[in-house]
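Please look over the structure shown here with its sheet, helices and side-chain contacts in mind. A briefing by topic follows.

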Amino acid sequence: MTDIPRKLSHLQTPTLLVDPARLDRNVKRLRERAAKLKVKLRPHLKTGKSLDVARQVLDGGAGPATVSTLAEAEYFAAGGVTDILYAVGIAPQKLERVAKLRAKGCDLAVLLDSMDQAQAVADKSKETGDPIPAFIEIDSDGHRSGLAPDDPALIEIARCLHEGGAEMRGVLAHAGESYTVSGSEAHAEFAELERSMTVKAADNIRAAGIPCPEVSVGSTPTAHGAQSLEGVTELRAGVYSFFDLFMAGIGVCTLDDIAMTVLATVIGHQKDKGWIIVDAGWMAMSRDRGTAAQEIDQGYGLVADAGGEIYPDLIMSGANQEHGILSIRPGSTATLPDLAIGTQVRILPNHACATAAQYSGYNVLKPGSTELSAFWPRMNGW
């Protein structure tokens, strides 16, 4: 602890900050919703990619948890998380890593939506003598992968898993199209579509005499918008722990809920252009411009002072690799703040997952302070 910088002014920029009070509030909000909806919560750890963050979001520490890479699964399993769902379609070449993790005592489940994948999982299960649990992905909204609930292949795949030596654990859906609409009513509609389609798939599998114990749904918008999860056993979400400008733009959170910011330093001015130059470019913020299609375009990020107070309509309007351009939002009557060289600012990200991926860890703020209390390492890779 002695080598942890104690003040923002001691940090080299750009670097990542976390407000633990906001993080805690966000985690409690969804935990209480899951309890109200009578489902278990399986948080997605892909945003934080940190054992310290996982200890905040996991109720009990060992899971259940969701990951997006096998490197995450290995990292979190080594840290004591024993109930993990790898929620990206399994490639047969990765099953050896799955088997090794399971042999070490981690209950790692995989995801698939084809007979080729199911057969590979069944074959590996026979080879190892360990029934690998698998979820079949259901397409509830045409967003990405998965099968329709009434696709005949669904039953064939389920039977291949169940009779072929693997474990048919359940069905899973991710309502990714919920990111394209705004407001709690619209998110509730997608949540109901996600719920009904996944429950229908589970019912069809059970009607064929095949077990389907788990019904897993979730995205951050639908997790917060769902009004009923009848027939569902577990709820997944990830970015809710930190939130970001995109989530604020579709009404899932407010700016005051965003728990992650990038600390940057003013390194120049172009006064005739109305620009302030900082040492955080797209490498520090990511190239994600997800808010560009929303009602309010936040550029590469919304700018606050070192204490977290947002400057009116000051955004990172442009970015090179290591240079960020701050300017007043087009059409605004706000005044460009007078920020001297060396002034530190905090930039709220468009997409917390993409921004965090640029860093080795999080500098943790003391609640209500610009002093620091800890550094939480994070991992990357696949």
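Strand 3 (65–67) and strand 4 (residues 83–89) run parallel and are joined by three bridges, where strands are said to pair if DSSP finds at least two bridges between them, and V67 stands opposite Y86 in strand 4. Helices (H or I, at least four residues) and strands (E, at least two) are DSSP runs numbered from the N terminus. The model is a predicted one, in which local features need pLDDT of at least 70 and side-chain atom pairs count only at pLDDT 80 or more, while totals for chains, interfaces and linings use all residues. Residues are numbered from 1 along each chain as its sequence is written, and side-chain values use heavy atoms, with hydrogens and water left out.

**The parallel sheet and its helices**

- An open sheet of eight strands, paired in the parallel sense, has the order 2-9-8-7-6-5-4-3; strand 2 and strand 3 are its edge strands, each pairing on one side only.
- Neighbouring strands of this sheet are turned against each other by 30 degrees on average, direction ignored; axes are lines fitted to C-alpha atoms, for helices over the stretch in contact, and angles run from 0 to 180 degrees between N-to-C directions.
- Helix 4 packs on the sheet, where it touches strand 5 and strand 6 (133–138), and its direction makes about 155 degrees with that of strand 5; contact means heavy atoms within 4.5 Å.
- Helix 5 (residues 115–128) also packs on the sheet, touching strand 4 and strand 5, and its direction makes about 155 degrees with that of strand 5.

**Helix 3**

- The buried residues of helix 3 are L70, A71, E72, A73, F76 and A77, where buried means under 20% relative accessible area, exposed over 50% and partly exposed in between (1.4 Å probe, protein chains only).
- These buried residues pack against helix 2 (51–57), strand 3, strand 4, helix 4 and strand 5 (107–112).
- After helix 3 comes G80, whose phi is positive, near 105 degrees.

**Strand 16 and its partners**

- Five of the five residues of strand 16 (residues 361–365) are buried, so this strand is largely enclosed by the rest of the structure.
- On one pairing, strand 1 (residues 15–18) and strand 16 run parallel over two bridges, with V18 opposite V364 in strand 16.
- Strand 16 also pairs with strand 17 (residues 372–377), in the antiparallel sense and over five bridges, and the bridge partner of Y362 in strand 17 is W376.
- The hairpin of strand 16 and strand 17 has six residues between the strands, and in this hairpin G368 takes a positive phi near 70 degrees.

**Salt bridges**

- The structure holds 22 salt bridges, each being a side-chain nitrogen of Lys or Arg within 4 Å of a carboxyl oxygen of Asp or Glu.
- D83 and R42 meet through their side chains in a salt bridge (3.1 Å, N to O), a pair that links distant parts of the chain, with D83 in strand 4 and R42 in strand 2 (residues 40–43), 41 residues apart.
- R42 is buried, with a relative accessible area of 5%, and a network of salt bridges links K40, R42, D83, E214 and E234.
- R97 forms a salt bridge with E74, their closest N and O atoms being 2.9 Å apart; this pair too links distant parts of the chain, R97 lying in helix 4 (residues 95–103) and E74 in helix 3 (residues 70–78), 23 residues apart.
- R97 counts as partly exposed at 29% relative accessibility, and E74 is partly exposed with a relative accessible area of 31%.
- The side chains of R206 and D203 meet in a salt bridge (3.5 Å, N to O), and both residues lie in helix 7, three residues apart, about one turn of the helix.
- R206 is partly exposed, with a relative accessible area of 37%, and D203 is partly exposed, with 40%.

**Aromatic rings**

- The structure holds three aromatic pairs, for which rings of Phe, Tyr and Trp (its six-membered ring) must have their centres within 6.5 Å, planes under 30 degrees apart counting as stacked, over 60 as edge-to-face and the rest as tilted.
- In one of these pairs, the rings of Y179 and F246 have centres 6.0 Å apart and planes at 35 degrees, so the pair is tilted.
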